[in-house]
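Subject: Structure handover

Hello,

Here is the structure for your files. My notes follow below it.

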Amino acid sequence: MTIIEETANKPQTSMVVNCVAYRTDGMRLCDIHIDDISEILKDPDAFVWVGLHEPDEPLLLKLQEEFDLHDLAIEDAQQAHQRTKVETYGDSLFIVVQTAQLISGHIAFGETHIFLGKRYLITVRHGASLSYTPARHICEKTPELLAHGPSYGLYGVLDYIVDNLLPIVREFREELQTLENDIFADTFNRNTVRRLYDMQRDLMTLRLAVAPMQDVINQLVRLHPELIPDELRVYFRDVYDHVFRVNESIGAMREMLTAAINVNLSLVTFGQNEVMKKLAGWAAMLAAPTLITSWYGMNFTHMPELEKPWAYPTVMVIVACVVSTIYIALKRAKWL
């Protein structure tokens with residue numbers, strides 16, 4: 001029984017999502033166990049792709065032993081909470097990218113740490129992120145490209161990460177369209193402004209995660225010829241274009257949210273002004289009869305026209321004329 005057949009029957013830990021051996025022609029050999037990676041790498045015509053999810057320290061130390069990874073890279077992969085970056089350790093690369101998922105209307109963020117060598121690709125997921133198994137399957141469907149080695153798997157993972165960002169922006173844009181009715185409603189809804197603010201805050205955080213990815217992808221396009229062959233640079237340029245488009249979409253969406261918040265607050269202020277104008281108009285109409293009748297509430301013996309029978313109707317007519325005049329003037333001024 002060969003080493004490939006033996007390792008296929010060994011159990012994998014729950015933190016190991018995938019551990020697969022490939023031939024240098026891009027064809028998949030089989031799933032292997034972490035303990036047997038060094039045996040597989042003894043074959044010069046094979047390389048390994050490992051996918052981990054929130055591994056513990058012993059597992060990372062095991063990988064360090066199998067692949068001879070740098071201590072600082074292992075320390076970063078264990079601690080997480082790293083900035084987006086790409087670092088060179090000898091003949092290998094350590095790449096950190098931010099990931100995001102839309103959960104219950106809010107963006108949850110995570111990290112993916114990637115180790116790239118001539119004979120291996122290791123992805124370590126932390127926090128909110130989707131499994132890269134679909135990206136692996138897509139790469140396996142094109143063995144002629146996977147024959148270029150682990151760098152094509154790196155392209156598949158990065159492309160998968162970036163492609164999962166666009167639906168988040170698209171979902172926010174659709175939600176903003178549904179909120180337009182609340183934005184232009186006659187009554188003020190505090191929850192609408194709060195949701196708009198939450199969306200803007202999430203997109204700002206998303207942009208802080210996406211923008212540095214442009215520099216990382218740009219380095220992979222231009223540098224590291226020993227790990228990334230020229231035939232694959234066009235694919236990394238395509239990922240760069242996708243990142244640029246996502247970043248532009250996030251920026252446009254943030255501007256739309258800012259405009260929506262300003263419009264909502266302006267409409268609320270306009271509505272309050274309209275209410276105040278109406279209240280002031282009715283108060284002005286009530287002030288005229290109040291002023292006139294208050295004269296006749298004073299306790300004086302001699303009041304103007306007090307003894308004449310037509311005085312009371314005359315005062316009523318005068319009050320009605322004054323109130324009507326004020327009403328017509330306010331109506332023309334669109335205060336009522």
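Which residues in helix 11 are buried? They are Ala-311, Val-315, Val-319 and Leu-330. Seen down the axis of helix 11, the buried residues fall within an arc of 75°, so they line one face of the helix. The arc is that of the directions from the helix axis to the C-beta atoms. Buried means under 20% relative accessible area, exposed over 50%, and partly exposed in between (1.4 Å probe, protein chains only).

On the basis: this is a predicted model, where local features need pLDDT of at least 70, side-chain atom pairs count only at pLDDT 80 or more, and totals for chains, interfaces and linings use all residues. Residues are numbered from 1 along each chain as its sequence is written, and side-chain values use heavy atoms, with hydrogens and water left out.

More on helix 11. The face turned away from its buried side carries the exposed residues Val-317, Thr-325 and Arg-332. Lys-334 follows the helix, with a positive phi near 60°.

Now the whole chain. The protein chain has 11 helices and 7 strands (DSSP runs numbered from the N terminus: helices H or I, at least four residues; strands E, at least two). Its radius of gyration is 36 Å, well over the 20 Å that the globule rule gives for 336 residues, so the chain is more spread out than a compact globule. That radius is taken over C-alpha atoms, and the rule is 2.2 Å times the number of residues to the power 0.38. The C-alpha atoms fill a box of roughly 130 × 35 × 30 Å along the principal axes. Buried residues make up 44% of the 336.

Best wishes
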